Each structure stands twice: as C-alpha cells, then as structure tokens.
Amino acid sequence: MSGTMPEVWIMAADGDLIRADAIVILRLDKTGRLTVQLRDEAKVSVTLLEGSTGGANPPDDFHRRLIRTIAEVADSGSPQLISARPADGGWQWVSEPL
C-alpha cells in the first residue's frame, strides 16, 4: 500500500456507516451515549451508541477501546466494519471484513 490507511468504517446507532478517518472527537457521557464529531465544516455529531441496554452502560473507557480497535483493524490491510454489540451484560467492539 502507498501509506494510506485501509478503509475502516464504524456503524452508528441508526445503522449509518461513518469512516473512521472522518472522526475528530469522541464523547462518552455518563449515560453511556457515545457520540462522535465529524471532520467537516458543519461539525456534525453522530451517535454511535445510545447507551444502556437492559441497564448495562458501556465501560468508562469504551471510546478508548474504539480507538484501539480502529488501530488494530487498520493494520489488517483490508476494509473493515466496526460495530458496538452487547455481550455478557456489557458491550464490546466487533470488527468484520467488508
């Protein structure tokens, strides 16, 4: 590859797909809602995760785990899709090839 990051996409709460390289700010509030601000003139914010499902909020470092997951799948060399999924009473980031 010529030094470019492979396409990494993240699934938003509403099912929209956001390119990881378009994100400039991640916010995780106390309710477990995870939003991102996109790199554009309008400073659009998108909700990636609404928060608790069945009373389980994502962990306090869930936004950091997303950054780590993006870095890991970017090393794969192929386009990837990342989404948040409830698992074992909590949350996890899951990646899959596009």
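In what order do the four strands of the open sheet lie? The order is β2-β1-β6-β7, and the pairing is mixed. The views below show a predicted model, in which local features need pLDDT of at least 70, side-chain atom pairs count only at pLDDT 80 or more, and totals for chains, interfaces and linings use all residues. Residues are numbered from 1 along each chain as its sequence is written, and side-chain values use heavy atoms, with hydrogens and water left out.

**Figure 1. Overview of the chain.** Helices (H or I, at least four residues) and strands (E, at least two) are DSSP runs, numbered from the N terminus. Of the 98 residues, 39% are buried; buried denotes under 20% relative accessible area, exposed over 50%, and partly exposed in between (1.4 Å probe, protein chains only). The chain exposes about 5,900 Å², of which carbon and sulfur atoms supply 48%. Accessible areas come from the Shrake-Rupley method with a 1.4 Å probe; for residues, only the protein chains shown count as cover.

Figure 2. Strands β2 (17-19) and β7 (90-97) form the edges, each pairing on one side only; two strands pair if DSSP finds at least two bridges between them. From one strand to the next, the twist averages 30 degrees. Helix α1 (residues 62-74) packs on the sheet and touches β1, β6 and β7, its direction making about 20 degrees with that of β7. Axes are lines fitted to C-alpha atoms, for helices over the stretch in contact, and angles run from 0 to 180 degrees between N-to-C directions. Strands β1 (residues 8-11) and β6 (residues 80-87) run parallel and are joined by three bridges. Ile10 stands opposite Ile82 in β6.

**Figure 3. Surroundings of Gln80.** Gln80 belongs to strand β6. This residue counts as buried because its relative accessible area is 7%. Beyond its neighbours within four places in sequence, Gln80 is in contact with Glu7, Val8, Trp9, Val73, Ser95, Glu96, Pro97 and Leu98, where contact means heavy atoms within 4.5 Å.

**Figure 4. The aromatic pair.** A search of the whole structure finds one aromatic pair. Phe62 and Trp93 are stacked, with 4.6 Å centre to centre and 15 degrees between the planes. The pair links distant parts of the chain, as Phe62 lies in helix α1 and Trp93 in strand β7, 31 residues apart. Rings of Phe, Tyr and Trp (its six-membered ring) pair if their centres lie within 6.5 Å; planes under 30 degrees apart count as stacked, over 60 as edge-to-face and the rest as tilted. Both Phe62 and Trp93 are buried.

**Figure 5. Salt bridges.** Four salt bridges are found in the whole structure, each defined as a side-chain nitrogen of Lys or Arg within 4 Å of a carboxyl oxygen of Asp or Glu. One of them joins Arg19 and Glu7 (3.8 Å, N to O). That pair links distant parts of the chain: Arg19 is in strand β2 and Glu7 in the segment before β1, twelve residues apart. Arg19 also forms a salt bridge with Asp21, the closest N and O atoms being 3.1 Å apart. Relative accessibility is 28% for Arg19, 34% for Glu7 and 33% for Asp21. Asp61 and Arg65 form a salt bridge with closest N and O atoms 3.0 Å apart. Through shared partners, salt bridges join Glu7, Arg19 and Asp21 into one network.
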